[in-house]
Amino acid sequence: MRKGRLIVIEGLDGSGKATQAKLLTEALKAAGVNVRAVSFPDYQSDSSALVKMYLAGEFGKKPEDVNAYAASSFYAVDRYASYKRDWGAIYENGGTIVADRYATSNAVHQCSKLPRDEWDEYLDWLFRYEYDLLGIPAPDLVIYLRVDPDVSQRLMRARYHGDEAKRDIHERDLDYQRRSREAAEYCAKRFGWRDVACARDGEMRSIEDIHAEVMDIVKSL
Ligand SMILES: Nc1ncnc2c1ncn2[C@@H]1O[C@H](COP(=O)(O)OP(=O)(O)OP(=O)(O)O)[C@@H](O)[C@H]1O
Ligand SMILES: [Mg+2]
């Protein structure tokens with residue numbers, strides 16, 4: 001039997017990844033596709049322990065306190081565990097996996113810690129490490145949900161109802177988010193991620209409207 005397909009929904013914090021991954025999964029299910037939804041980090045699993053410690057600031061209060069390679073490893077081994085225990089067999093038997101974040105999130109969130117002229121070296125290491133050396137599958141399709149920073153800030157404020165203490169160390173650092181955005185757009189170009197512009201004139205498009213565009217892209221796969 002042929003290997004399955006892996007579709008990744010990527011985007012900055014609060015860009016609607018969980019929302020769109022859920023709608024896509026439901027639509028594929030309704031179309032009779034053998035589909036499995038996964039999301040990273042896998043907070044339900046012990047394998048995310050180091051990620052949780054990192055995001056809670058146990059290794060330092062700023063994202064930069066843990067270098068890009070160390071932090072990437074925390075997230076990568078969590079994916080490896082989830083692949084082995086949860087969805088690897090489904091994928092190997094031809095199933096379709098819809099992932100809310102993936103190795104691509106390391107690219108987006110860890111490049112921002114490095115000077116621009118070290119991005120390529122880091123990205124080459126990252127994808128070789130996760131896909132070739134750890135051996136988890138490379139995505140067939142990465143859909144990048146692009147949201148203007150002011151719009152995503154508004155969404156995040158609404159989510160936390162003004163309780164800023166609930167933000168993790170990435171979400172708190174606006175400069176870090178700006179650099180993550182630059183990294184995301186660089187990666188989208190370099191790796192051919194499909195770009196979905198989720199905001200128009202400073203406002204989010206409707207969830208259904210974005211979903212329709214995501215479905216068009218997935219159908220073309
Ligand atoms: N198109 C949209 N218009 C308005 N609100 C939206 C839209 N898409 C998602 N939201 C809302 O924005 C918030 C963030 O969405 P969601 O959790 O799907 O994003 P996320 O990318 O998974 O976030 P995170 O990066 O924190 O995991 C939620 O409250 C969601 O209901
Ligand atoms: Mg999410």
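Start by selecting Arg2, Gly4, Arg5, Ile7, Leu28, Val33, Gly94, Thr96, Met215, Val218, Lys219 and Leu221, which line the second largest pocket. This pocket holds about 170 Å³ of space. What counts as a pocket here? On a 1 Å grid over the protein atoms alone, a pocket is an open set of points with protein on both sides within 12 Å along at least five of seven lines, and lining residues have an atom within 4 Å of a point. Grid points are joined across faces, edges and corners, and a volume is the space filled by probe spheres set on the points.

Before moving on, a note on the model. It is a predicted one, where local features need pLDDT of at least 70 and side-chain atom pairs count only at pLDDT 80 or more, while totals for chains, interfaces and linings use all residues. Residues are numbered from 1 along each chain as its sequence is written, chains are lettered from A and ligands numbered from 1 in the order in which they are written, and side-chain values use heavy atoms, with hydrogens and water left out.

Now colour the pocket by element. Helix 9 gives the largest share of the lining of the second largest pocket, three residues. (Helices are DSSP runs of H or I with at least four residues, strands are runs of E with at least two, and both are numbered from the N terminus.) By class, this lining has six nonpolar, three polar and three charged residues. For the classes, Ala, Val, Leu, Ile, Met, Phe, Trp, Tyr, Cys and Pro count as nonpolar, Asp, Glu, Lys and Arg as charged, and the others, Gly among them, as polar.

The axes are lines fitted to C-alpha atoms, for helices over the stretch in contact, and angles run from 0 to 180 degrees between N-to-C directions. Angles under 35 degrees count as roughly parallel, over 145 as roughly antiparallel, 65 to 115 as roughly perpendicular and the rest as oblique.

Show the side chains of Thr19, Gln20, Leu23, Leu24, Ala27 and Leu28 in helix 1, then Ile207, Glu208, Ile210, His211, Val214, Met215 and Val218 in helix 9: these make the contact, meaning heavy atoms within 4.5 Å. They divide into nine nonpolar, three polar and one charged.

Select helix 3 and helix 4. Their axes are 10 Å apart and the packing angle is about 160 degrees, and the two are therefore roughly antiparallel to each other. Helix 3 brings Ala68, Ala71, Ser72, Tyr75, Ala76 and Arg79 to the contact, and helix 4 brings Ala103, Asn106 and Gln110.

The axes of helix 4 (residues 103-110) and helix 5 come within 10 Å and cross at roughly 155 degrees. That makes helix 4 roughly antiparallel to helix 5. Which residues meet here? Pick Ala103, Thr104, Asn106, Ala107 and Gln110 in helix 4, and Tyr122, Leu123, Leu126, Phe127, Glu130 and Tyr131 in helix 5. By class, that contact has seven nonpolar, three polar and one charged residues.

**The largest pocket**

Zoom to Asp13, Gly14, Lys17, Arg101 and Arg159, which lie nearest the centre of the largest pocket among the 33 residues lining it. About 720 Å³ of space lies in this pocket. The lining has 13 nonpolar, eleven polar and nine charged residues.

Stay on arginine 101, in the loop between strand 3 (96-100) and helix 4. What is the phi of arginine 101? Phi is near 75 degrees, a positive value in a residue other than glycine.

Select Leu12, Asp13, His109, His170, Tyr176, Gln177 and Ser180, the lining of the largest cavity. A cavity is a set of points where a 1.4 Å probe fits but cannot get out. The volume of this one is about 40 Å³, and a search of the whole structure finds one cavity of 30 Å³ or more. Helix 8 (residues 174-191) supplies the largest share of the lining, three residues.

**Last stop: a cis peptide bond**

Finish at phenylalanine 40 and proline 41, joined by a cis peptide bond with omega of about -5 degrees. Proline 41 sits in the loop between strand 2 (35-39) and helix 2 (49-55). Most residues other than glycine have a negative phi, and most peptide bonds are trans.
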